[in-house]
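Visitor: Please put the two chains on the screen, and we can go through them by question and answer.

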Amino acid sequence: MSITYLDAIREAQARALADDPRVFIYGQDVGSFGGAFKATKNLAQAFPGRVIDAPISEDAMLGLAVGAAIQGMRPIIEIQFADFSTPGFNQIVNQAATLHWRTRVPCPITVRLPCGGTSGGGPFHSQSLEAIYAHYPGLVVMTPATVEDAYSMLLEAVAIDDPVIFCEHKYLYYHLKAERLPSEAMPTGKARIARAGRDMTLVTYSAMVHEALVVAEELAFEGTEIEVVDLRSVKPLDTDTVIASVARTGRLLCVGEAFPWGGVTAEVIARVATEGFGLLDAPPLRLNAKDTPVPYHPSLWAAHRPTARSIAAAARRLLRS
Amino acid sequence: MVHTLFNHHAVDEVSSFRGLYVKAYRVMLLARILDDKFASLYRMGRIHGGVFLGRGQEALSVSIGLALRKGDVFAPLIRDQAGRLAFGEPVLDAVRTYLGSALGPMRARDGNVHRGRPKEGYLVMISHLGAMISVVNGALFANRLKGIKGTVGAACIGDGGTSTGAFHEAVNQAAVEKLPLVLIVADNHYAYSTPTERQFACASLLDKVAGYGIEGKAVDGTDLAACLEVTGEAVARARDGAGPQMVVARLLRLCGHGEHDDASYVDPALKASPLGRDCLKVAEAHLLQSAWADRATLAAWRNDAAQHVEESVAKVQREPGPDPYKEDWCALASKHLSEGHEPVENP
């Protein structure tokens, strides 16, 4: 049996619906059609009245989720593409994220954001928005990189008493496969050492974990051992695991697919520089997408975001410094 | 709680309506006196941040508050002190929130009109008010999923709020889902300083929702009897399953946007028009004219309300404010997932 990252997301939702009567799914085309990516395929049939098509109204969809959460429900909102969460941004950052702090009433909503670039996606179907959501207090931001994490973290997202921004990478939907669904999971907030190494720490998350692993494999042939840290969630961010790794390697490269200004890579480097400066043998390096909208054409897109090739070049540069 | 009882036979109808009217008037009076106290405390420098009054909007506000009952959902706007009290807000909640008492429902984390008790159906507004309507929808949607029947939700908004995208998304959503939503629109002719002709170009705000398939009714917001009747009917229709309802009340804000605003931009002709009548005085005149109350009774009610307000303020003024050293500085309910969960260094 082979399970894709997308299957894992669907299976996690099926299990959440089966296990907890408070769970429902609301989003565009999620009903009998099964969602733009088929992440809710057959769920409307299996759970009548609990997988519901929404009008194209992200603000109202997310507002409805907050209201339902106040009444004790645990809604999962599918935003068709992460890029389309911006019309609902206000409800997420001002309504959902402030509710518990202001009123002591928890806001257990899960917002699924199909994020990241795919070939031909273009400026409005490719964005990675984890950093802007991580910026706001009151949100948990998950960025699973594996089939196992897609499954277990989505279940945890539904169980958590806070609004969770679940950044699921579209590129991984079909590309990533596992033999079976996991029976146990690491807790959210703990980073994972995806590959151990002694010469350099490469911190990344989501689809870039797989680019990083390719680079680690490639550089291993040159006698360099890269330690790849998969953050798993960018908020909370597991600074301890990152610093412990840098303490072993002395070098830090941080890679993200998002736009370069600020963001997760800058945050990781800021934390290591302020809390572990003495551990660094060389200035840390960061690699992000370029500071333009995400281009449509595959050849432009491949040059816009970090790839195994550009990450390898950055890693070699860091090893020389 | 008393509701519209218009279907009863004539004698009962008059006596029950009289009871409702008197109750509404007394809540309006309490709201006005409380608002006046907040204005006074503001001028004395005792209130941090803004003060937003409901002067001139009490008749509409109290009407929706009284039409709701336990289990319903209420999302007030900033001028709904009367509706809040009618829905059951203790005066102490209002005073504690305005004066920043640590014992208030918001624990001084939020202030002034940003208060409520969400678990009791009394939602806490964010400043982007149009965004509250879909939250009411969500609560009603949850009730439907849970099999809870017969509840309604009221969302209150001003003429300015009907210009927001969130308003339109939420109204359409409520119509698509046929939710028991009652939209109460206070068309008070100014959104802060912007007059309605710079806010919308349709003849009536009811035109805005007609396109979504929603019924609406206009009412004179200075006339308590009319407000009680029209809002009561709208709530009853929503409760009976007729889908979303809207009430647009024409009235005039008899104060600034906040107490920092002298409202010098308000057209004197509007103030002099019937629209500029003070709904509290209109109701008072109606009580006297109908012999539902005499002057001595009105004075006694006023004294009762004033005493209630003064006692509440005096009590809250002795209460502690928030202590930054005791704050947990944690925005999440899941404390183990919180970042920056450290002792205070620079309170």
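**Sheet, core and contacts**

Guide: In chain B, G216(B) stands opposite M246(B) in β7(B). This is a predicted model, in which local features need pLDDT of at least 70, side-chain atom pairs count only at pLDDT 80 or more, and totals for chains, interfaces and linings use all residues. Residues are numbered from 1 along each chain as its sequence is written, while chains are lettered from A and ligands numbered from 1 in the order in which they are written.

Visitor: Over how many bridges do β6(B) and β7(B) pair?
Guide: Helices (H or I, at least four residues) and strands (E, at least two) are DSSP runs numbered from the N terminus, and two strands pair if DSSP finds at least two bridges between them. Strand β7 of chain B covers residues 245-250. Its pairing with β6(B) is parallel, and the number of bridges is 6.

Visitor: Which are the edge strands of the open sheet in chain B?
Guide: The sheet has 5 strands with parallel pairing, in the order β1-β2-β3-β7-β6. An edge strand here pairs on one side only. The two that do so are β1 (73-75) and β6 (215-220) of chain B.

Visitor: By what angle are neighbouring strands of this sheet turned against each other on average?
Guide: Axes are lines fitted to C-alpha atoms, for helices over the stretch in contact, and angles run from 0 to 180 degrees between N-to-C directions. For neighbouring strands of this sheet the direction is ignored, and the average is 15°.

Visitor: What angle does the direction of helix α2 of chain B make with that of β3(B)?
Guide: Two residues are in contact if their C-beta atoms, placed from the backbone, lie within 7 Å. Helix α2 (residues 58-67) of chain B packs on the sheet and touches β2 (153-158), β3 (181-187) and β7 of chain B. Its direction and that of β3(B) make about 170°.

Visitor: And which strand makes about 165° with the direction of helix α8 of chain B?
Guide: This helix, residues 224-239, also packs on the sheet. It touches β3, β6 and β7 of chain B, and the angle is given against β7(B).

Visitor: Which residues touch the most other members of the largest nonpolar core?
Guide: A nonpolar core is a set of buried Ala, Val, Leu, Ile, Met, Phe, Trp, Tyr and Cys residues joined through C-beta atoms within 7 Å. A residue is buried if 20 or more other C-beta atoms lie within 10 Å of its own, exposed if 12 or fewer, and partly exposed in between. This core has 203 residues, and its largest share, 14 residues, comes from helix α1 (residues 10-43) of chain B. Those touching the most other members are L202(A), M28(B), A75(B) and V136(B).

Visitor: Which element gives the most to the side of chain B that touches chain A?
Guide: Between the chains, 32 residues of chain B are in contact with 36 residues of chain A. The elements of chain B giving two or more residues to this side are α5 (132-145) and α6 (165-177). The one giving the most, with 10 residues, is α5(B).

Visitor: How far apart do the C-alpha centres of the two domains of chain A lie?
Guide: Domain bounds come from an automatic or database domain assignment, and chain A is divided into domain 1 (3-178) and domain 2 (192-320). Their contact takes 25 residues from domain 1 and 21 residues from domain 2. The separation of the C-alpha centres is 26 Å.

Visitor: Is Q307(B) buried or exposed?
Guide: Q307(B) lies in helix α11 (residues 295-317) of chain B. Because Q307(B) has 11 C-beta neighbours inside 10 Å, it counts as exposed.

Visitor: What is phi of K178(B)?
Guide: K178(B) is found in the loop between α6 and β3 of chain B. With 14 other C-beta atoms within 10 Å, K178(B) is partly exposed. Phi is positive in this residue, which is other than glycine, and is near 50°.
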